Amino acid sequence: MLEQLTQLVQQYGNDAVVKNNAIPNEQNEAVMGEASSSILSGLQKIASEGGIEQLAGLFQGNAAQDSSNPVVQQLTQQLSGSLGEKFGINSTDASGVAGNLIPQILGSLVGKAKDPNDSFQISDLVTAISGGSGNGGLMEAVSKYGGQFGLDQNADGKVDMEDAMTAVTKKSGGLGGLFGKLFGK
């Protein structure tokens, strides 16, 4: 997931970082790297502190691009503080960079996770946020809100292993295709 975040930061960082006179050119790459890691660590922190409902809310509508969203605000403040602390960027410029980057990146990340044609899946985001630990609360939120992301593959009103199997068999051409891929036939 850090790779996808890094790509999004590079995509949106041109205006916010590279063309920003407040950030010395020799720090552009480091600032963008900090933005990537700050977003991921911020999402992990929110999840570990019980902010599951906030994270689930992030995926509804255009909440990821709304600067008044609590998750967006928290990540913006975290990145802003980090830029000031690590790179000596004044608070106004750091807030401007973070306020520009965070909503764009989160909006794109959520859009990618919701797009069934994109290789990036919501499960990738859940795994990255939960640190791969299978955070029960986060999985409950995915089950609760999963239908809104198109994860309820069999339309039974819940997101579970059956949905995962349905998604896998759809992508692999049915059970025959799945077993063929698994066993090389």
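A salt bridge (a side-chain nitrogen of Lys or Arg within 4 Å of a carboxyl oxygen of Asp or Glu) joins the side chains of Lys19 and Asp15, with an N to O distance of 3.6 Å. Both Lys19 and Asp15 are exposed, where exposed denotes over 50% relative accessible area, buried under 20%, and partly exposed the range in between (1.4 Å probe, protein chains only). The model is predicted, with local features requiring pLDDT of at least 70 and side-chain atom pairs counted only at pLDDT 80 or more, whereas totals for chains, interfaces and linings use all residues. Residues are numbered from 1 along each chain as its sequence is written, and side-chain values use heavy atoms, hydrogens and water being left out.

In total, the structure holds 2 salt bridges. In the bridge between Glu34 and Lys86, the side chains meet at 3.0 Å, N to O. This pair links distant parts of the chain, 52 residues apart: Glu34 belongs to helix H2 (residues 28-48) and Lys86 to helix H4 (residues 70-87). Helices (H or I, at least four residues) are DSSP runs numbered from the N terminus. Glu34 counts as buried, because its relative accessibility is 12%. Lys86, by contrast, has a relative accessible area of 52% and is therefore exposed.

A further glutamate, Glu3, is located in helix H1 (residues 2-18). The relative accessible area of Glu3 is 58%, so this residue is classed as exposed. Glu3 and Ser36 are 33 residues apart along the chain, and their C-alpha atoms are separated by 8.6 Å.

Terms used
Helix = DSSP H or I, 4+ residues; strand = E, 2+ residues; numbered from the N terminus.
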